[in-house]
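Keep the viewer open and follow along.

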Amino acid sequence: MSRMKTYDGPASDHFNGLHFFDPDGAPPRSLGEVLRWQFGRRRQRATWPVWAPSPHADTPPARVDGGKVRLSFVGHASWLIQTGGLNILVDPVWSMRVSPVAWAGPKRHNDPGIAFEKLPKIDFVLVSHGHYDHLDVATLSRLAKNFAPRVVTPLGNDVTMRSADATIKVEAFDWHDRVELGGGIAVTLVPTRHWTARGMFDRNKALWASFVLETPAGKIYVVCDSGYGEGRHFRRVAAAHGPLRLAILPIGAYEPRWFMRDQHMNPEDAVKALLDCGAQAALGHHHGTFQLTDEAIDAPAKALVEALDAAKIPQERFVAMKPGQVVEI
């Protein structure tokens, strides 16, 4: 793994020539801390049901034209966004496991909200970073074979994709780069409080990002993975890209807090992020499909209800999604 190909480019305010870093973030946890979490005697890991099917399933239309946006939640951090005649997938994962190997690692607890065979022609794919629950080479290869979409990703993740499958039409961009998708649709990569790796020896040798998607119905802020920190990232997006029509915010994979605080938000953090970014409404994702951490499968959705009540925010402003659910704006 130490010989795997990685990004090679000029130094910047968030790349030192070897590793990417977030000046307002936190470094990933050490191996010792990982072992303490995984094997500590005080660990309390909730047991998820083997299979927890969603009551929803979606068959999307071929296209969505006009001024509307149709968002279909596939599961975990995967979405189909249809607008302006374009079909855009975010962090698509149709694999059964999110792991470097097919026989071990976090396993799916429900089907994707859209069966792969029911996908419309995919024009673009946005991939936020290299963790296996977001960058799924098997799914990207399948999409390349069926649809040959353009794939937009932060710097260095293109190396990962091309090394695995040269047919993936990937383009890599830096933070703050704006990419025209056509038909008045564009996406800007923005900093997010996270990190990335594919193996033991490539930590932060690729970049990670969130997305601001410009659509006919307004701007959609897509946060696939992020800690909260002091909220700077969210306030900066509001200042640079607001007003935002909608935010897609992660609400799961957050326990234990001593370990996960810097890289994953809990629902209380996500509510703060909503207020900081100023979006009119939010959709909660990154929960209920793959057990990556220690909380119960339904804990994020329940905690979101409590956090909204505590902040005196109407429940309908921030909804925890289930695979197959659809929202139109």
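## Asp 91 and its loop

Asp 91 sits in the loop that runs between E3 and E4; helices (H or I, at least four residues) and strands (E, at least two) are DSSP runs, numbered from the N terminus. Although Asp 91 is not a glycine, its phi is positive, at about 40°. Most residues other than glycine have a negative phi, and most peptide bonds are trans. Asp 91 counts as buried because its relative accessibility is 0%; buried means under 20% relative accessible area, exposed over 50% and partly exposed in between, with a 1.4 Å probe and protein chains only.

Ala 102 is in the loop between strand E3 (86-90) and strand E4 (124-126). Is Ala 102 buried or exposed? Its relative accessible area is 73%, so Ala 102 is exposed. From Ala 102 to Leu 246 there are 144 residues in sequence and 35 Å in space, C-alpha to C-alpha.

## How to read the model

This is a predicted model, in which local features need pLDDT of at least 70 and side-chain atom pairs count only at pLDDT 80 or more, while totals for chains, interfaces and linings use all residues. Residues are numbered from 1 along each chain as its sequence is written, and side-chain values use heavy atoms, with hydrogens and water left out.

## The whole chain

Seven helices and 14 strands make up the secondary structure of the chain. Along the principal axes, the C-alpha atoms fill a box of roughly 55 × 45 × 40 Å. Of the 329 residues, 55% are buried.

Contact means heavy atoms within 4.5 Å. Among contacts between residues at least 6 apart in sequence, 70% join residues at least 24 apart. The accessible surface comes to about 14,100 Å², with 53% of it belonging to carbon and sulfur atoms; the areas come from the Shrake-Rupley method with a 1.4 Å probe, and for residues only the protein chains shown count as cover.

## The annotated domain

The unreviewed UniProt entry places the feature "domain: Metallo-beta-lactamase" at residues 75-285. UniProt positions are given in the numbering used here, feature names are shortened, and annotations may be inferred rather than shown by experiment. Over residues 75-285 the chain is 20% helix and 28% strand, and the end C-alpha atoms are 8 Å apart.

## Helices H2 and H3

In H2, the buried residues are Val 137, Thr 139, Leu 140, Ser 141, Leu 143 and Ala 144. What do they pack against? Their partners are E3, E4 and H3. Just after H2, Ala 148 takes a positive phi of about 50°.

Helix H3 (residues 157-164) has Asn 157, Asp 158, Val 159 and Met 161 buried. The buried residues of H3 pack against helix H2 (137-146), strand E5 (150-154) and strand E6 (169-173).

## Two cis prolines

Which way does the peptide bond from Gly 242 to Pro 243 go, cis or trans? That bond is cis, with omega near 0°, and Pro 243 is found in the loop between helix H4 (232-241) and strand E11 (244-250). The bond from Glu 255 to Pro 256 is also cis, with omega near 5°. Pro 256 is in the loop between E11 and helix H5 (257-260).

Ala 253 is also in the loop between E11 and H5. Its phi is positive, at about 65°, although Ala 253 is not a glycine. With a relative accessibility of 6%, Ala 253 counts as buried.

Lys 312 lies in the loop between helix H7 (299-310) and E13. Lys 312 is exposed because its relative accessible area is 74%. Lys 312 and Leu 31 are 281 residues apart in sequence and 40 Å apart in space, C-alpha to C-alpha.

Pro 323 is in the loop between strand E13 (318-320) and strand E14 (326-328). At 7% relative accessibility, Pro 323 counts as buried. Leaving aside neighbours within four places in sequence, Pro 323 is in contact with residues including Ser 54, His 56, Phe 73, Asn 110 and Thr 289.
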